Amino acid sequence: SQSMTRIRRYDAADHVDLDATTQRNLELTHTMQGDREGSLLDAIDHTVTAAGGRLLREWLTRPRRDRAELERRADCVGALAREALPREAVRDALDEAYDLERLASRAAGGSAGATELLRVRETLAILPDLAAAIEDSRLADSPLAAVVDRPDRDAAAALREELETALREDPPKTVTEGGLFRRGYDEELDELIERHESAKEWVDTLEERVTREHGLSRVTVDRNKTDGYYVQVGKSAADGVPDHFEHVKTLKNSKRFRTEELAEKERELFRLEEQRGELEARLFAELRDRVATRAELLQDVGRAVAEVDVLASLASHAVSNDWNRPELTDERALDVTAGRHPVVEQTVEFVPNDCHMDDERTFTVVTGPNMSGKSTYMRQTALIVLLAQVGSFVPAREATVGLVDGIYTRVGALDELAQGRSTFMVEMQELSNILHSATEESLVILDEVGRGTATYDGISIAWAASEYIVNEIGCKTLFATHYHELTVLGDELPTVQNVHVAADESDGEVTFLRTVRDGPTDRSYGVHVADLAGVPGPVVDRSRDVLD
C-alpha cells in the first residue's frame, strides 16, 4: 500500500536467532497453552501506547547482538530507573499519544477524517512535552534525549501548526456539512461564510422588519421541509399584510405567507451552504494529502514515542521488581548471581539461584527430581540472557552476559500426535535443528532429551548429542535430565559440570528447596520418594538392590 514508505533491511547477523519453537518454549508473547497472560510480555509490559506495546513485542522476539545498541538502551533504562519524577512526567506525556503509524496509513489511504487529523496534531504536540521532561532533568545526560531528537522536530512543529490553524476543535461528523475549518485558513471559504452570514442575518431580522414596517402583531419567521421559509401572521392581523405577500397556508389561529425576496434569500442560503460544503471537502482532502506526504515524519515521531514508551516501561518494571543492569561482554561468560524467573517471581516467593559458565565450563548437566524446578531454572537463565540482549535490566542481583547469536530450546514433549508425528519424531527433529543451527556463540537449553523412546535408546541419544555439542559446537548449554547416567559426562569431558536442584527430606517431608547446588543429585532420590509415599518397605528395599 502507499503507506509503506520505508522498508528497513532485516539483517540476521544483527539479531539473535530465535525460532518459533523457542519463542513458544520460553513463553515470550504467549504461554505454551496460547494465552497472553502468563507470558513474559504480559509480565513486563507497562507501555501506555499501542505503538509502544507493539515495539516491546518486537524487541522481545528479535533481541539484538549489537553491543553498542544494547548499552545505549540500557543507559536509557538506567537513567529512567534512577529518575522517578522525570520518568512519571515522561509517561504522563505519552499517555496522550495516539497511534501515529496507523493514522499516517489512514491519511495515505484517504480514510482519515477530521478527528484523525486532530489526533495527529495532538500526538505531534507531545514531542516538545517529552523533550521538555527530558531536558529539564538529569535524563538530559542520557541517550534518551537523542531518541526524541531523531525525528525532524521543526517539520513536526510546522505540521502541527498547520493543523492547528486549519481545523476547529469540535469538527462535524462528516467533511461536507461545513464547520471544519477555522476563520483565516482560506480566503475563499471566509468570503463564502461571510456571504452566508449576511443572508442568514437578513432572514433573522425579517420578523422585526415586517412587524415594524407594516404594524402587524404576532409575526414569526420560520422554515420547514415542505414550505421552506415563511412568514406567519396571527389570523386577526392577517388582513393587514401587504399585497406582495403570497398566501401559502391557513392554520387554526394564523396564516402563512411567502415573498419573492424571501424565496431568493432561501435559494442563496442553500447555494452558499452547498458551495461551502464542497469547498471544505476539497480543502480537507488537500490537507489530508499534505499529511499523507509527511507519512515518513509521522512514522519517525511514532517510532520515537514508542521507543521512549518501551524504555520507560522497562525502567518502571526494573524499579518495582528489583532488577539490575547486566554487564554485557563479548566473552563466552554467563555469570548470574541470585537469578530469578521474570514471570514466576510475579506470583511466588522466588528462591534465587546462580548460574556460572565460562570457557572452562560450557556444558551444565542439571539433575534433580521431577517438579523440583529444573525447567524453571533453565528457562530463567535463557530469559536473563534474552532480556540482557533486549537492552533491559534483568531479574538477578548481578549478571554478566556473554552475547549470544541464537537461543535454541528443546523442552519436554509437547503432544503433537494430532499432526500424525510421534512425539519422539518431533523431539528428534527439534534436536536435529539445534545441532545443525547452533554455533559456538549460541545458548542451548535441552530439557529431558530422549524421553520419548526406550530408556537405553534415550540415554544413548542424549549422551551422543551432549558429546557432539561439547566437542563439535562448543556452545553454552544447559541440559536437564532424569537420566542419572549422564552425570558421568562430567568425569569424561573437561568442560562439563554437574549441578542439581536441591531437595530436603527431613521429618519424612520432601521439600523442594529450589536451590541449585554444584555436583550431581543423589541418584536414589526416586527410591526415597517411593518410601515417603508409603510404598511397602520390602518393595523399597528391593528397589535399592536393583538400583545398585
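Predicted model: local features only at pLDDT ≥ 70, side-chain atom pairs only at ≥ 80, totals over all residues.
Residues are numbered from 1 along each chain as its sequence is written, and side-chain values use heavy atoms, with hydrogens and water left out.

Q: Why is Leu 28 called buried?
A: Buried means under 20% relative accessible area, exposed means over 50%, and partly exposed is in between (1.4 Å probe, protein chains only). Leu 28 has 0% relative accessibility, so it counts as buried.

Q: What is Leu 28 in contact with, leaving aside its neighbours within four places in sequence?
A: Contact means heavy atoms within 4.5 Å. With those neighbours left aside, the partners of Leu 28 include Leu 18, Gln 23, Leu 60, Leu 383 and Leu 386. Leu 28 itself sits in the loop between helix H1 (20–25) and helix H2 (40–44). Helices here are DSSP runs (H or I, at least four residues), and so are strands (E, at least two), numbered from the N terminus.

Q: What makes Glu 27 stand out in its phi?
A: Most residues other than glycine have a negative phi. Glu 27 isn't glycine, yet its phi is positive, near 55°. You'll find Glu 27 in the loop between H1 and H2.

Q: Is Arg 218 buried or exposed?
A: Its relative accessible area is 53%, so Arg 218 is exposed. Arg 218 also has a positive phi, about 50°, although it is not a glycine. Its place is the loop between H12 and S1.

Q: How do you know that the buried residues of H12 are on the same side?
A: The buried residues in helix H12 (residues 206–214) are Leu 206, Arg 209 and Val 210. They cover an arc of only 95° around the axis, and that puts them on the same side of H12. The arc is that of the directions from the helix axis to the C-beta atoms. There's a background rule too: an α-helix has 3.6 residues a turn, so residues three or four places apart point the same way.

Q: What covers the buried residues of H12?
A: The cover includes helix H11 (187–204), strand S1 (219–224), strand S2 (228–234) and helix H13 (260–293).

Q: Why are the buried residues of H8 said to line one face?
A: In helix H8 (residues 126–135), Ile 126, Leu 127, Leu 130, Ala 131, Ala 133 and Ile 134 are buried. Looking down the axis of H8, you find them within an arc of 160°, so they line one face of the helix. They pack against helix H5 (84–94), H7, helix H9 (144–149), helix H10 (153–166) and helix H14 (295–321).

Q: What makes S8 a mostly covered strand?
A: Five of the five residues of strand S8 (residues 363–367) are buried. Phe 363, Val 365 and Thr 367 point one way from S8, while Thr 364 and Val 366 point the other way. In a regular strand the side chains alternate between the two faces of the sheet.

Q: How many bridges join S8 to S12, and in which sense?
A: Four bridges pair S8 with strand S12 (residues 476–480), in the parallel sense. In S12, Leu 478 is the bridge partner of Thr 364.

Technical notes. Pairing = 2+ DSSP bridges.
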